[in-house]
Amino acid sequence: MMSLFPSARSTRRVLGGLAAAATILALAACGTPSGDTAADTRTYESDFGAVEIPQDIERVVSIDFYTPAALQDIGITPVGVVNSYFTDTEGDAIPLEYSEAIREAGADSIGEYYELNLEAIVQAKPDLVLATQDFLPLDDPMRPEIEKIAPIITFNARDGEAWRTRSVELAKIFDKEAELQPLVDEYTERRDEIATKYADILANNTFTLLGPDPDEWGTYGSKHFMTPILRDLGAKFREQQDDEVTKDGFPEWFSYEELGRLSNADIILLRDSPQENIDALAKNTLWNNLPAVQNGMVFDYIDRGPTGSFGWALQNLDDLEERFAEIQSKVDAAQ
């Protein structure tokens, strides 16, 4: 599965084609009108400060995995996206309906979030650049260069509500709230339907999402962006100890000697992981002694935990319903 998790080990930036981009920027600056353009802009109050953006936005570049999907939900196709929309042709990390539409529309690749191509961003001629703060942090050295091309709106990404907030705010920015509302209604109806159908499972069990590595593990809590739809269904998560979560909301990692911490989970969901990691767990005595393991309540998690938009969330609802059906079968068989 393609990784969607930025880390301190993968934040290097390569200013691809910087010299050529600088030339293009200089030429663009020469053609910029010198008159008062205040009437042509408006102020958007983002979570990270006010941003002056054009009144009319026609060309958008996205520097993250998620905003392209939210844009497509309201009928807007970005002209530049990260390269994963071109390389993930199997739908491992991004639903195919979004990535295929991007490719068919002829959008440009701007490189990956850790290796942005500034020249490609320039050539895309954006009116607006969209980013999330984990893929393009506020202190990233690329930001001043990109801001010479177009204003940047930065969204939060590190909590379970970020997907919904981002989708709603984009609809407001582009005056597309009417286009988004049917998806909001469909999502709400499907969520409530599934929550009602599996109300007993949701009420009587605590969940955890486990990420196993070869010799260590971490869990994703209710507020992490890997679990938003599970939480929205009303799932109760095992109580994490204070040292299990970093200040940024990401998992801390522990040796297998501390697998006993998971004894307060009734149901363990396994994040997609190489088979050797699963095999290592299966050989561990502490793992095999966990109540969830002994009760056979260990299941694979859905393929794409992070959620980019309401349409994406609907797919995650369908996948979670399949998992709940598996859990229900186990519960029924044990009675």
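## Around the fold, one question at a time

Keep in mind that this model is predicted. Just after α7, Asp175 takes a positive phi of about 55°.

Q: How many of the 12 residues of α7 are buried?
A: Helix α7 covers residues 162-173 and reaches 16 Å from its first C-alpha to its last, close to the 16 Å expected. The helix is mostly covered. Its buried residues include Trp163 and Leu170, but also Arg164, Arg166 and Glu169. The count of buried residues in α7 is nine.

Q: Which residues does Ile173 touch, leaving out those up to four places away in sequence?
A: Ile173 is one of the buried residues of α7. It's also among the residues with the most contacts inside the largest nonpolar core. Setting aside residues up to four places away, the ones Ile173 touches are Arg42, Tyr44, Ile53, Ile57, Ile153 and Phe155.

Q: Which element gives the largest share of the largest nonpolar core?
A: That core has 49 residues, and those with the most contacts inside it are Ile153, Ile173, Phe174, Phe207 and Phe324. In soluble globular proteins, nonpolar side chains tend to be buried together. The largest share of this core is seven residues, and they come from α14.

Q: At the start of α14, which residue's backbone nitrogen does a side-chain oxygen of Ser309 reach?
A: Helix α14 runs over residues 310-334, with 25 residues and a reach of 36 Å from first C-alpha to last, close to the 36 Å expected. At its start, a side-chain oxygen of Ser309 comes to within 3.5 Å of a backbone nitrogen, and that nitrogen belongs to Gly311.

Q: Is the aromatic pair of Tyr113 and Phe135 stacked or edge-to-face?
A: The structure holds 15 aromatic pairs. For Tyr113 and Phe135, the centres are 4.4 Å apart and the planes are at 20°. Planes under 30 degrees apart count as stacked, over 60 as edge-to-face, so this pair is stacked.

Q: How many residues apart are Tyr113 and Phe135?
A: Both partners are buried, Tyr113 with a relative accessible area of 7% and Phe135 at 1%. Tyr113 sits in the loop between β6 and β7, and Phe135 in the loop between β8 and α6. The pair thus links distant parts of the chain, 22 residues apart.

Q: Which backbone nitrogen does the side chain of Asp140 reach?
A: Asp140 lies in the loop between β8 and α6. With a relative accessible area of 7%, Asp140 is buried. Its side chain reaches, at 2.8 Å, the backbone nitrogen of Met142.

Q: Which residues is Asn277 in contact with, leaving aside its neighbours within four places in sequence?
A: Asn277 lies in helix α11, residues 275-282. At 4% relative accessibility, Asn277 counts as buried. Leaving those neighbours aside, its contacts are Pro212, Asp213, Pro214 and Tyr256.

Note on methods:
Residues are numbered from 1 along each chain as its sequence is written. This is a predicted model: local features need pLDDT of at least 70, side-chain atom pairs count only at pLDDT 80 or more; totals for chains, interfaces and linings use all residues. Side-chain values use heavy atoms; hydrogens and water are left out. Helices (H or I, at least four residues) and strands (E, at least two) are DSSP runs, numbered from the N terminus. The expected span of a helix is 1.5 Å times one less than its number of residues. A polar contact is a pair of N or O atoms within 3.5 Å; within protein, one must be able to donate a hydrogen and the other to accept it, and residues adjacent in sequence count only if both atoms are side-chain atoms. Rings of Phe, Tyr and Trp (its six-membered ring) pair if their centres lie within 6.5 Å; planes under 30 degrees apart count as stacked, over 60 as edge-to-face and the rest as tilted. Buried means under 20% relative accessible area, exposed over 50%, partly exposed in between (1.4 Å probe, protein chains only). A nonpolar core is a set of buried Ala, Val, Leu, Ile, Met, Phe, Trp, Tyr and Cys residues joined through side-chain atoms within 4.5 Å. Contact means heavy atoms within 4.5 Å.
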